[in-house]
Structures are given as structure tokens and as C-alpha cells.
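Visitor: Could you walk me through this fold step by step? I'd like the criteria spelled out as we go.
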Amino acid sequence: MDNSKSVSLAVIKRLPRYYRYLGDLLDNGITRISSKELSNKMNITASQIRQDLNNFGCFGQQGYGYNVELLYNEIKKILGLDKEYSIVIIGAGNIGQALANYVNFERRGFYFKALFDINPKLIGMTIRGIEVRDVDTLPDYLKNNPIDIAVLALPKANAKEVAAIVTNSGVKGIWNFSHIDLDKKAGVKFENVHLTDSLMTLSYKLNEDEIIERFNVLPKR
Ligand code: NAI
């Protein structure tokens, strides 16, 4: 009998935040925390925290709270951060280079192996020691190197074609900055990034008072 329960994407999306907060607590030598204290720090209700974490097991104890290290390590495993991932970036422009230059991904187990571009001026360059290769060599590269994740950081018009190459070459996940709708392919997971959505959310917050007055809504915190 299948006893599995479904976990909402909203819960999954909160897990990295729990992970970061717990990491900060550990760095500050805090070994134990109640859901109420965590709630105050994170600005999420204590019951939301308990509900979220109960999806995966009973990590807290009545009267004790959570063991920070234990919970941190459990969330690490749930997020798959106890493994290492090899990554290629396709499109070595502003975004591709910024990602390659960011060292902290490696701390989390994400390793950039190569960048690919179409522009001869960029091909042959290295970014933090990572080579920019000709995108024509991408299919061969993927055949010969086990790559887990491909980052799409190239213009929308060219991204579909590259996505098809990548999804047919054993890559398991695509981190998509290119604003294209990707065709679903069995075994390949997608995560779309929209920085502008985040900026528009900030813009909403800047104008929240007007919206509350206009629509007579109460902000839920
Ligand atoms: P960029 O123009 O600096 O870099 C794009 C790079 O892709 C260039 O180096 C170009 O030579 C390369 N390229 C073009 N066709 C290619 C192909 N077939 N194969 C390999 N490389 C190819 O652009 P930027 O600023 O890095 O943005 C990249 C993409 O991300 C754009 O489509 C942009 O609209 C989008 N974007 C997405 C954001 C998000 O939040 N998801 C935020 C900002 C931009």
C-alpha cells in the first residue's frame, strides 16, 4: 500500500530559508530552539513551522523544541544538499559570468564545470578558472562528462534549441534564467528564475498601504 503524503511546493520553497536560519544559529553556537523562537526570528508563525516540518517527521520535542544541528542536517538531506552536483552554464554573458564568479555555490555542493557560448570573443576565456567553450561542442561535452544541472543564461530566441540538446543528454535538471517555457521531458526537472518577479514583489510592498486602502484588505503576516 502506498502511504506517501503529498508535500506542497510552498513548503518545499520554505525549506531553504529554514536551512539558512538554522545554519546561522549553528554558526552562533545555538544548539536548541523552540518553534516560537524560530518563528520570531523568521517571521513565520510557530504553527506554520511545526506543520511544515511535520511533513517530513517529528523533529521537535514538546518542552524541548528543536535540536538545531539535527534539524539542519535533516533539512540538508531533504534538500539533497548532502550530495554534490556538477553544473554547466550556457550563455557566458552578464548572468552566466556572475553565477560562475559566485563562490558560495560550491559551499553548498554545486560545482561549475564549464561555460558555453556562441561568441568567439568569449570562447577560450576563463572565469574563476572555469573555461568558456564553444557551444557547438556542448553535445560532445555532455556525452563525455556527467553533468547534473545545466543553467540556461542565453537569450530566449536561442534557448529552446539548447534546452533540447541538454535534456536529451542525461542532464537531470535545468536552472532556467532564459524566460522560456521548457517542454517537459521525463526525468528532467526544471526551476525557473525570475528576478523581475522578486523586484515586482518589492514594488508591491512599497505600495502596500495604497493597495490595502483601495481593496480593503488586511496584510497577513
Ligand atoms: P547577455 O547578453 O549578457 O548574455 C547572453 C549570452 O548568451 C551572450 O554571451 C551570448 O553570446 C550568449 N548566447 C547567445 N546565443 C547563444 C547560444 N545559442 N549558445 C550559447 N550562448 C549563446 O545576457 P544576460 O544579461 O546574461 O541575460 C541572459 C538571459 O537571461 C537573457 O535572455 C535575459 O533576458 C535573461 N534574464 C533573466 C533574468 C531572470 O531573472 N531570469 C534577469 C535578467 C535577464
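Guide: Two strands are said to pair if DSSP finds at least two bridges between them, and strands (E, at least two residues) and helices (H or I, at least four residues) are DSSP runs, numbered from the N terminus. By that criterion, E4 and E5 pair in the parallel sense, over six bridges. This is a predicted model, in which local features need pLDDT of at least 70 and side-chain atom pairs count only at pLDDT 80 or more, while totals for chains, interfaces and linings use all residues. Residues are numbered from 1 along each chain as its sequence is written, and side-chain values use heavy atoms, with hydrogens and water left out.

Visitor: Okay, and which residue stands opposite Val88 in E5?
Guide: That is Ala114. E5 is also joined to E7 by three bridges, the two strands running parallel, and there Phe116 stands opposite Arg133 of E7.

Visitor: In what order do the seven strands of the open sheet come?
Guide: The order is E6-E7-E5-E4-E8-E9-E10, with mixed pairing. Strand E6 (126-127) and strand E10 (189-192) stand at the edges, and each has a single partner strand, so one side of each is left without a neighbour in the sheet. Strand E9 (residues 173-176) pairs with E10 in the parallel sense over four bridges, and the bridge partner of Ile174 in E10 is Phe190.

Visitor: Which strands does helix H5 touch?
Guide: Taking contact as heavy atoms within 4.5 Å, helix H5 (residues 94-101) packs on the sheet and touches strand E4 (85-90), strand E5 (110-117), E6, strand E7 (130-134), strand E8 (149-152) and E9. The direction of H5 makes about 155° with that of E5, where axes are lines fitted to C-alpha atoms, for helices over the stretch in contact, and angles run from 0 to 180 degrees between N-to-C directions. Helix H8 (residues 156-167) lies across E4, E8, E9 and E10, and runs at about 180° to E8.

Visitor: Switching to the ligand, which residues come nearest?
Guide: Of the 22 residues around the ligand, those that come nearest are Ile95, Asp117, Asn158, Val193 and Leu195, a residue being near if one of its heavy atoms lies within 4 Å.

Visitor: And which backbone atoms lie 2.8 Å from an oxygen atom of the ligand?
Guide: A backbone N or O atom of Ile95 lies at that distance, 2.8 Å, from a ligand oxygen atom. For Asn94, a backbone N or O atom lies 2.9 Å from an oxygen atom of the ligand, and for Phe177 a backbone N or O atom lies 3.0 Å from a nitrogen atom of the ligand. A polar contact here is a pair of N or O atoms within 3.5 Å; within protein, one must be able to donate a hydrogen and the other to accept it, and residues adjacent in sequence count only if both atoms are side-chain atoms.

Visitor: Now the helices: at what angle do H1 and H3 cross?
Guide: The axes of helix H1 (residues 9-27) and helix H3 (residues 46-54) cross at roughly 105° and come within 11 Å. That makes H1 roughly perpendicular to H3, on a scale where angles under 35 degrees count as roughly parallel, over 145 as roughly antiparallel, 65 to 115 as roughly perpendicular and the rest as oblique. Val11, Arg14 and Tyr18 of H1 make the contact with Gln48, Ile49, Asp52 and Leu53 of H3.

Visitor: What about H1 and H2, at what angle do they pack?
Guide: H1 and helix H2 (residues 35-42) pack at about 105°, with their axes 11 Å apart. In this contact, Arg17, Tyr18, Tyr21 and Leu25 in H1 meet Leu38, Lys41 and Met42 in H2.

Visitor: Last one: where is Asn55 found?
Guide: Asn55 is in the loop between H3 and strand E2 (60-61). A polar atom of the Asn55 side chain lies 3.2 Å from the backbone oxygen of Gln51. Leaving aside neighbours within four places in sequence, Asn55 is in contact with Lys5, Ser6, Val7 and Val11.
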